[in-house]
Amino acid sequence: MSKKRKTPEELRSHRWYGVNDLRSFGHRSRTAQMGYDREEYAGKPVIAILNTWSEINPCHTHFKERVEEVKRGIWQAGGFPVELPVQTLSEPFQKPTTMLYRNFLAMEAEETLRSYPADGVVLMGGCDKTTPALLMGAISVDLPAIFLPAGPMLNGNWNGVTLGSGSDTWKYWADLRAGKITEQDWKGVEGGIARSPGHCMTMGTASTMTSAAEALGFTLPGYASIPAVDSRHAQFAARTGRRIVDMVWEDLKPSDIITRKSVDNAVTTCLALSGSSNAIVHMIALARRAGVDLTLAQYDDIARRTPVLANIRPTGKFLMEDFFYAGGLMAMLKELGDLIDGTQLTVNGKTLGENIAEARIFNDDVIRRRTNPLMRDTGLAVLRGNIAPDGAVIKPGAAEPHLHVHTGRAVVFKDYNDMAARVDSEELDIDENCVIVLQHAGPIGAPGMPEWGQLPIPQKILKKGVRDMVRISDARMSGTSYGACVLHVAPESFVGGPFALVQDGDMIELNVPERRLNVLVSDEELVRRKASWVAPEPRFTRGYGAMHQMHVMQADKGCDFDFLQRDGAGCSCGGGGEPEIH
């Protein structure tokens, strides 16, 4: 790509600072009020830094330091940094789910960039929904943008046992409920499972989406794999600050980077990592913001030809720190060979192929060779059938293989509270061959499609030594979770999708190899049940929640708001044809 470099007069911020009128006088005088001389910003790119740091987001604890390193890089390159705090989405704390607020942050990012004098932006995120939200907003505005990933935390440790965030939480919680460990053991796990800043070091949504961001071209090569507390992470923060200034002069924007092929690269990356099933929802939303129509069918097609090369929990046995030492994402991308389109442009001005040309694998148990994959294909599978006509997903590698083809009696919970009240009851009519069904857990019904999809196995079954059962919901599941969990059933039950019609005692058929998911009752019976179905009362009557339930689309469409989708037309820095406030 070759573009004429911008002049200072062509900077977007010039309209705020560089003209001689009353409004610009106000901008300059108020900037002086903050202690800056005109020489510090005049004729220089103004770089917005969207920082999702907060005191309730442990994944971003180090962002107070990283933002100063980013600013250092911006100053060094001749830019003018402006930190703009935006909403934090703290996966461990925010209820009912950060997914309810992903679109909120995406809107805030878009409107913040649109309404302030930003020539380019550094996006600081990493905790699960912050990555797609920030990218969605930046793609919609289409200013030069570069993503700074939070980086994974260090490996956990307890009594000499290596712990993985999330994955070992579920494992040891099941052991505690089954009486296999003590309360003292459980407290030991609690103290050792998350022992540094950074996001989950398992292949959860955080590491999946920061890796996808790098494969998509939005991150300096190699950055997504670096542990949060490694000194190289700080060095890359300053490099990121320096690079965004050059991107502004080069006018290198998201619309130059995100293409059909770069989206396919990111999807392939998620699958080769055996990444979080949540990535499907986020990648569809991201792609559609850029006018790329990514569908579940296309995702499944890519899954059928992509081997799983990353031996990382919960599908594998290692963690992100090990992945970094083994060569990191660049080494895995190089090993994927012709499955990756190396011609795609990235934020450093080079192609993806150029970035990974010298990458090497240093431990081929952690990063497998294509001749010895962890799984030959099917890191994720898209299912369809009479209870999921618009699709559902499962992560086959996280499920016990004997459950990939299974037929069992449905035990139905009408909502999360119903499940919590009855799942451990001795009177519950259930055995390990049954199929647990949770309804009203989708984008509108939950609300917000929480990570309830790893439905608990009843205590009386856990005590028999059973650790996996088929479980189906219209919810999501943490990327750190595992089990034979069918997720994202669309359309959801709350809006009258056929999943709402499943009843106790129905036989449900799951067939992962053939991509089938059906309730074994007649079409006539489903029609009869639908005729008597009564729509539930709305979850919200006011505020953002009311906006969400009115405009959020279903999981197969990425759960974005319908009025934020793009039709594939190009956009300017004003953003998709929207008026720019100035």
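Aspartate 338 and arginine 370 form a salt bridge, with their closest N and O atoms 2.9 Å apart; the term salt bridge is used here for a side-chain nitrogen of Lys or Arg within 4 Å of a carboxyl oxygen of Asp or Glu. The pair joins distant parts of the chain, 32 residues apart: aspartate 338 lies in the loop between α15 (328-336) and α16 (352-356), and arginine 370 in the loop between α16 and β7. Helices (H or I, at least four residues) and strands (E, at least two) are DSSP runs, numbered from the N terminus. The structure is a predicted model, in which local features need pLDDT of at least 70 and side-chain atom pairs count only at pLDDT 80 or more, while totals for chains, interfaces and linings use all residues. Residues are numbered from 1 along each chain as its sequence is written, and side-chain values use heavy atoms, with hydrogens and water left out.

The two partners can also be described by their accessibility. Aspartate 338 counts as exposed because its relative accessibility is 66%, and arginine 370, at 33%, counts as partly exposed. For these words, buried means under 20% relative accessible area, exposed over 50%, and partly exposed in between (1.4 Å probe, protein chains only). The structure holds 40 salt bridges. One of them connects arginine 369 with aspartate 364, where the closest N and O atoms are 3.8 Å apart. Arginine 369 is partly exposed at 31% relative accessibility, and aspartate 364 is partly exposed with a relative accessible area of 41%. Glutamate 65 and arginine 66 also meet through their side chains in a salt bridge (3.8 Å, N to O), and here arginine 66 counts as buried, at 5% relative accessibility. Elsewhere, a network of salt bridges links Glu91, Asp128, Lys129, Glu451 and Arg476.

Attention now turns to the strands. In strand β3 (residues 120-125), 6 of the 6 residues are buried. Both faces of β3 are covered, with Gly120, Val122 and Met124 buried on one side and Val121, Leu123 and Gly125 on the other. Strand β1 (residues 46-51) pairs with β3 in the parallel sense over 5 bridges, where pairing requires that DSSP finds at least two bridges between two strands. Within this pairing, isoleucine 47 stands opposite glycine 120 in β3. β3 also pairs with strand β4 (residues 145-149), in the parallel sense and over 5 bridges, and glycine 125 has proline 149 in β4 as its bridge partner. From β3 the chain crosses through helix α5 (residues 130-141) to β4 in a right-handed β-α-β crossover; right-handed means that, with the strands pointing away from the viewer, the path from the first strand over the helix to the second runs clockwise.

Where does the largest nonpolar core have the residues with the most contacts inside it? They are Leu50, Val122, Leu123, Val263, Met283 and Tyr299, in a core of 80 residues. A nonpolar core is a set of buried Ala, Val, Leu, Ile, Met, Phe, Trp, Tyr and Cys residues joined through side-chain atoms within 4.5 Å. A second, separate core has 27 residues, including Ala388, Leu403, Val412 and Val470. Valine 263 touches Leu216, Ile258, Met283, Ala287, Val292 and Leu294, leaving aside residues up to four places away in sequence; contact means heavy atoms within 4.5 Å.

Tyr299 is also among the buried residues of helix α13 (residues 296-305), together with Leu296, Asp300, Ile302 and Ala303. Seen down the axis of α13, these buried residues fall within an arc of 160°, so they line one face of the helix; the arc is that of the directions from the helix axis to the C-beta atoms. Their cover includes α11 (260-272), α12 (278-289), β7 (381-385) and β8 (388-394).

Another enclosed strand is β13 (residues 507-511): 4 of its 5 residues are buried, so the rest of the structure largely encloses it. Strand β9 (residues 405-413) runs antiparallel to β13, joined by 5 bridges, and arginine 409 stands opposite methionine 507 in β13. On strand β14 (residues 516-519), which is antiparallel to β13 and joined to it by 4 bridges, leucine 517 is the bridge partner of leucine 510. The hairpin of β13 and β14 has 4 residues between the strands, and arginine 515 takes a positive phi near 60° there.
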